Amino acid sequence: MHKVVAVEELAPKIKWMEVHASEIATKCRPGQFVMLVLGAKGERVPLTIAGFDRKKGTISFAFNEVGKTTKQLGLFKQGDSIENLLGPLGNPSEIGKFGNVLCIGGGVMIAPMHLQVQAFREAGNKVTTAIGARIKDLLFFEDKMKALSNKLYVATDDGSQGYQGLGFLNDVLETEKFDRCVAMGPVVMMKQVSEMTKPFGIPTIVTLTPIMVDGMGMCGCCRVNVGGQMKFACVDGPEFNGHLVDFEELVNRQRVFMPEERLSSLLWEKSGG
Amino acid sequence: MAEPLAEAKPKSKIRKESVPMPKQKPEVRRHNFNEVALGYTEEQALTEANRCLQCPQPKCVEGCPVEIDIPAFIKLLREKRFDEGIKKIKEKNSLPAICGRVCPQEDQCQKTCVMGKAGEPVSIGRLERFLADWEKQNNIQIAEKAPPTSKTVAVVGAGPAGLTAAAELVKLGHKVVIFEALHLPGGVLVYGIPEFRLPKRIVQNEADYVGKLGVDIRLSCLVGRTYTIPELLKNGYDAVFIGSGAGLPQFMGVPGENLGGIYSANEFLIRVNLMKSYDFPRYDTPIRIGKHVVVIGGGNVAMDSARSALRLGAEEVCIVYRRSREELPAREEEIANAEEEGIVCKFLAAPVRYIGDEKGWVKAMECICMELGQPDESGRRRPCRVEGSEFIMDVDTVIVAIGRTPNPIIQRTTEGLETTKWGTIVVKDESGKTSLEGVYAGGDIVTGEATVISAMGAGKKAARAIHEYLTKKSS
């Protein structure tokens, strides 16, 4: 049983949750994820670790309340308990001293990205961060990221705050030389970032979140095509070379159960949660 | 054979055929997930038990990987001493309700049964199941335990190997903690073998029994990630048994394998069995099954996948296997069950590519015909492509059941643990001793994909070796 220590709304339908999980907190490193199950009929849902406190024995994650499980989780309050939490899963990020690092976080993944920014800074890198969301209201962590990074860019799809779209990145890449780029966010965003950094020859690491069932190397549902090779995001990743990932296939695979996911979410809402 | 048979009809001829297992009718069972084999009634069990000749030098025991005293338990059964009969089995086997259902008895105990020479062998597995199920409905007895030894053993994985090793070790007086990565105990018994072959309440019962023996089963704890093996040894465990099972699914590497609608058998079965997606949306995990399903492969996992697909509502299910019927690795009984239910087999064919629709979903499969050439290293005739024999099958769901490779997490996080080039853990001998002191391994992680009972046998032998190691260590 894992007690919820704190819940915070980062933006409409985006929540941050801190839970007690001392074993995971002792071990986890940036880039890893946990697998969560709610109740006896629940599905297994992977969530990227967005924070940890080894002393307190807690870990944190952020989630979008879009599916049944995340909507259900969104109702959890301080003191409630999560029955099953497995982790830390996946390989930790490669945090080294690369020099000038560009960190790009989009949507809910801005939350775990802040751990990377922090880690890259601690490792002695100069860090430029870019965060983005669909609209202004969905942006969060602007102050936090500003404090952690040497430089911060903000963008929204509709231009309601900061730059409109990712186009500005090209200018950034042309004016400054980066030794490494890491991107976490929607697949389309990571795809676009990878395409933009490629001509500049910047090693680009993306965090993939395909559908997973067990999350530890059994089901093969999270298989992704990286440079023509089949990789399993849960045991070989979740971070991969963005210049080699077949993003189109990934988008397609993420949509496989969309009708069922919608049905599940709808039925749950109809039943009154 | 000296004493008279207690319940047998007076000196009547012993029947050559075994009592058939009552089953759900094919046309009914193909639409539900309930258990297919219903189990013997008391009367049927007694009739079958009376076929046993009570050989003074029983061949059946030699065929049993966990060395159950088969004639002894059958004798107790036919004397209606059911409680003693199950106790006799449990001296050697802590999971009889499972073994009675899924062991390939035809290749083990029943293979050497004398009755099989002039008729059918005694249905030992069905009798074992009868006693195990009888016990569940009556009084479950907890086996006796040796006095505590003050030694602690960590067992990795609550599958057949781990549960067996843990039960043996706890009976020997050691403190045992099982670390199970999934949120339910049972390993392949719960995620792999379908409900209609092995009801999950049976697995839960058997795991509960291991818990009642005093084993602490910790769920959602992945060794290699939450704790590594070296950490367990440092944290006060005197020995470790690794029974982490078969892992990563294999794919063929043919174009289009990542299209929607193509599952590994592992994914398909985990969704259906562990996550109960056949009961979606009551259970949260979805599964999508089309009208035309093909299963690639010919083992028990392929049969389980095909029969599950049928129950999920597929119009037709076809098993595509690259060799011929004689080489099918699945159990004869499972092949027969599948065929009775209407599953068809396409032999001597293999997929060469998958074709997707505009939405990225599989819509067809191109296959090539095969013919059998010279025997390969496995002794089976090697399938060879017949050039120019390609043909197209319309399919909307594909389940790839061509085997698994070991999960790499433990090997990658345990320095000094010797592994083979296939990623399985190297053991010195039958004891399961690995290259690291105090670390033993058994089951699929050592042998590659094999049977439940062989994993249990390995767990049992390793438990004995660990006991010896711990005894020596403390003296």
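**Interface of chains A and B**

I started with the pairing of the two chains in this predicted model. I found 32 residues of chain B in contact with 38 residues of chain A; contact here means C-beta atoms, placed from the backbone, within 7 Å. On the side of chain B that touches chain A, strand S5 (246–249) and helix H12 (265–274) are the elements that give two or more residues. H12(B) supplies the largest share, 4 residues. I then sorted this side of chain B by class and got 15 nonpolar, 11 polar and 6 charged residues. The classes are: nonpolar for Ala, Val, Leu, Ile, Met, Phe, Trp, Tyr, Cys and Pro; charged for Asp, Glu, Lys and Arg; polar for the others, Gly among them.

**Conventions**

I count residues from 1 along each chain as its sequence is written, and chains are lettered from A and ligands numbered from 1 in the order in which they are written. Local features need pLDDT of at least 70, side-chain atom pairs count only at pLDDT 80 or more, and totals for chains, interfaces and linings use all residues.

**Chain B overall**

I listed 17 helices and 16 strands in chain B. Both are DSSP runs, numbered from the N terminus: helices are H or I with at least four residues, strands are E with at least two. The radius of gyration, taken over C-alpha atoms, is 23 Å for chain B, close to the 23 Å that the globule rule gives for 475 residues, so chain B is as compact as a globular protein of that length. That rule is 2.2 Å times the number of residues to the power 0.38. The C-alpha trace of chain B spans about 65 × 65 × 50 Å along its principal axes. Of its 475 residues, 53% are buried. Buried means 20 or more other C-beta atoms within 10 Å, exposed 12 or fewer, partly exposed in between, with C-beta atoms placed from the backbone. Among contacts in chain B with a separation of 6 or more, 70% join residues 24 or more positions apart.

**Backbone exceptions**

Most residues other than glycine have a negative phi, and most peptide bonds are trans. I looked for departures.

- Gln54(B) has phi near 55°. I placed Gln54(B) in the loop between helix H2 (42–49) and helix H3 (59–62) of chain B.
- Lys80(B) has a positive phi of about 60°. Lys80(B) sits between helix H4 (70–78) and helix H5 (82–90), in a loop of chain B.
- Gly87(A) to Pro88(A) is a cis peptide bond, omega near -5°. Pro88(A) belongs to strand S7 (residues 84–89) of chain A.
- Gly237(A) to Pro238(A) is also cis, omega near 10°.

Conventions:
Two residues are in contact if their C-beta atoms, placed from the backbone, lie within 7 Å.
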